[in-house]
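Student: I would like to learn how to read helix packing and chain contacts in a model. Could you take me through some cases?

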Amino acid sequence: MVTRKLVFISLLVVALVVMGCTPTTQIVKETVVVEKEKVVKETVVVQSTPQVKEVAKEVVVTATPKPTDAPNSVELNGSGATFPQPLYEDWAFAFNQRDPSVVINYAGGGSGQGIKDIKAGTVDFAGSDALLKDADYQEKPDLQMIPTVAGAVVLAYNIPGVTTTITLDAATIVDIFLGKIEKWNDPRLAALNPEVKFPDLPINVVHRSDGSGTTNIFTLYLSAVSEEWKKGPGAGTAVDWPVDKLGRGQGGKGNPGVAAAIQNTKGAIGYVELAYAKSNNILYAKLINAAGKTVEANIPSTMAAIKDAKFDDRLTAIIVNSKEPDAWPIAGFTYLIVNKDYKDCKKAEKLVSFIKWALTDPAASSRAAKLLYAPLPQEVLPRVVEVLDKITCNGKPVVSQ
Amino acid sequence: MISAQVRRRLRRKTVSPLGRALQHGDILFKGALILASLSLLGLMVGVGVMLWLRSAPMRTSAGLAFITATVWNPVGEKFGAAPFIIGTLTTSLLALIIAFPLGLFIAIFLAELCPPGLRSIVGFLVELLAAIPSVVYGLWGIFVFIPSFVIPIGEALMKSLGDPQRFPYLPIFQGPFFGASKLAAGLILAVMILPTIAAISRDVLLAVPRSQREAALALGSTQWETIWQVVLPYGLSGILGAVILGLGRALGETMAVTMVIGNVAQLSASLLSPGYTMASVIANEWGESRTPLYNAALIEIGLLLFFMSLLLNILARSLVWSVARKTPEQRA
């Protein structure tokens with residue numbers, strides 16, 4: 001008797017060990033199945049009165065799989081840039097209302113993460129603020145960038161005694177970030193703002209500490225207006241800031257980190273996304289653009305910046321320092337990265353219809369504008385649609401409504 | 001006393017060799033325990049091997065120079081880990097210098113002098129402090145700790161000891177100072193590791209046998225002498241263990257430090273200037289790192305942090321052992 005019991009226990013232990021060696025996902029699945037059965041059984045046992053029967057039925061109904069698991073539904077997974085994340089999530093929600101069979105999940109994690117993920121094939125699409133490099137296209141010729149919306153970057157500041165909006169131009173911004181303009185009472189700043197009385201205070205520059213598409217747009221602008229910046233720190237999602245070497249720079253994590261650092265540091269200036277600055281009532285500077293006009297950052301001026309966007313063969317465009325008279329000079333597109341060919345036809349079809357809807361439907365554009373993203377200019381749309389129509393599954397064109 | 005029934009059972013069990021092998025749960029249980037312990041070792045080796053392999057591009061391109069190089073320029077693909085290593089060591093040591101005496105004092109008070117009613121309340125508060133998530137410490141650091149505590153201290157230090165005319169050879173307190181700094185990170189880390197050190201040291205001191213204190217008092221020692229010459233030496237190895245745990249937390253702490261250190265990858269002697277730590281740079285830049293070399297550089301920083309924690313732990317562990325060996329009479 002006891003021996004048999006011991007043998008049974010030992011077999012159980014061996015089974016557990018074997019289970020431990022198999023991939024964890026299997027175990028999880030098994031336990032889930034068991035739990036579901038338990039729930040159903042229990043409810044069946046309980047149903048003795050008609051009322052309880054109703055409840056039991058309901059329980060069973062809620063226990064059935066979500067629509068994502070239904071045979072006709074499609075789950076599209078994306079990851080990447082955090083800058084457009086609120087918009088993509090909003091679009092995903094709205095598109096799911098239109099077509100309940102499609103569930104779109106977008107996880108942030110940064111442009112770099114998105115590019116790593118789509119290269120590895122773990123996601124169906126990626127979001128990125130930064131452009132793919134030649135090496136990326138050589139490694140994966142299948143990748144295609146699709147612009148979605150544009151956003152603006154503004155310069156927020158905290159100068160004790162200054163509560164009005166100050167004006168800056170390209171040369172002063174570059175020299176502040178190069179560390180050449182050291183104090184707020186610099187004559188060049190005073191010349192641009194004759195009505196403002198600047199204090200005798202060192203300038204502290206706040207930049208993003210995390211790799212960021214916002215940094216990429218801002219440093220692209222600095223590189224576009226200054227040869228010295230282009231040759232020195234250059235443009236990228238994270239750069240070697242010259243002011244850091246002078247002890248007058250600091251990095252904050254994310255837009256909130258930069259905003260908090262500016263708020264806490266007397267004499268600080270830093271760059272944040274327009275959408276963030278606006279929704280948090282942060283004071284940000286007016287700029288003198290390439291056309292020599294003083295402009296304020298808002299949706300119309302961002303739209304003006306993308307009006308003359310010249311898209312190249314890869315469907316990408318750099319729009320900093322636009323020549324348009326009303327354009328905000330520090331702006332950039334954010335992109336979706338998709339594959340040109342998908343293995344799963346259902347996924348490909350739904351992905352194409354989602355992107356088409358997001359870029360061409362006025363309802364989607366108004367959702368973007370509400371979140372302070374500038375939608376694509378009408379002139380580009382035919383080209384984007386043309387590229388989307390070329391997406392195939394297993395070499396055959398995707399059938400799309 | 002073995003009853004007749006049990007004796008019969010035992011006799012019956014010695015039948016087949018397989019039955020004999022399995023009859024005692026001992027063998028199986030031992031196996032399960034060994035497996036559990038080995039999985040820990042496997043995890044450790046697995047993490048190390050992964051970091052080693054994934055950092056290959058950086059290791060082959062820069063070699064050991066990676067550790068001493070001071071430039072971190074992702075655009076130009078120039079990577080050096082020195083600012084991060086120095087930043088991690090500086091902030092952790094600063095935290096330890098502040099938190100160790102404070103924590104020890106709290107522990108002595110709680111274990112030796114505190115009235116029993118207050119002891120449980122203060123003890124509970126100390127343990128509660130250890131349970132606060134680090135990101136909450138970071139938020140508190142940005143909005144309360146830096147403006148109302150770090151900035152006044154930093155400015156006072158800068159104006160007194162940091163005066164380059166009076167103390168030209170004391171660069172660690174020289175300005176400029178804006179708030180976010182290695183000082184802020186070190187202070188916030190001190191706050192974070194204080195409960196760890198205090199709580200464990202208190203438990204160690206409470207575990208010192210009453211007979212030791214009574215013997216010291218009987219020989220005519222004052223309470224002060226009893227604490228410093230009997231109780232503390234007795235619990236020294238345990239207190240060192242508390243310090244190791246605190247140091248471990250300080251080395252790997254990411255979120256709170258990132259939020260207050262200023263994240264500037266530059267070498268500077270001043271504690272008042274912003275810095276960067278190894279854990280922070282990985283957390284900050286991993287999401288947007290694009291090129292294979294950039295990724296490998298971040299992973300190699302992870303590898304260095306892994307080795308550094310390992311090395312410090314081994315060092316500290318051997319210190320504990322040597323201390324424990326010197327006082328053999330206390331281990332019964």
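**Helix packing and chain contact**

Tutor: Two packed helices are described by the angle between their axes and the distance between the axes. In this predicted model, helix H10 (residues 210–218) of chain B packs against helix H11 (residues 223–234) of chain B at an angle of about 155 degrees, with the axes 10 Å apart. Angles over 145 degrees count as roughly antiparallel, so H10(B) is roughly antiparallel to H11(B). Axes are lines fitted to C-alpha atoms, for helices over the stretch in contact, and angles run from 0 to 180 degrees between N-to-C directions. Helices (H or I, at least four residues) and strands (E, at least two) are DSSP runs, numbered from the N terminus.

Student: Which residues make the contact of H10(B) with H11(B)?

Tutor: Two residues are in contact if their C-beta atoms, placed from the backbone, lie within 7 Å. H10(B) contributes B:Gln212, B:Arg213, B:Ala216 and B:Leu217, and H11(B) contributes B:Thr226, B:Val230, B:Val231 and B:Tyr234.

Student: How many residues does each chain bring to the contact between chains?

Tutor: Chain A brings 41 residues and chain B brings 38. On the side of chain A that touches chain B, H1(A) gives the most, with seven residues.

Student: How are the residues numbered and the chains lettered?

Tutor: Residues are numbered from 1 along each chain as its sequence is written, and chains are lettered from A and ligands numbered from 1 in the order in which they are written. Local features need pLDDT of at least 70, side-chain atom pairs count only at pLDDT 80 or more, and totals for chains, interfaces and linings use all residues.

Student: What follows H7(A)?

Tutor: A:Gly179 follows H7(A), and its phi is positive, near 90 degrees.

Terms used
Parallel < 35°, antiparallel > 145°, perpendicular 65-115°, else oblique.
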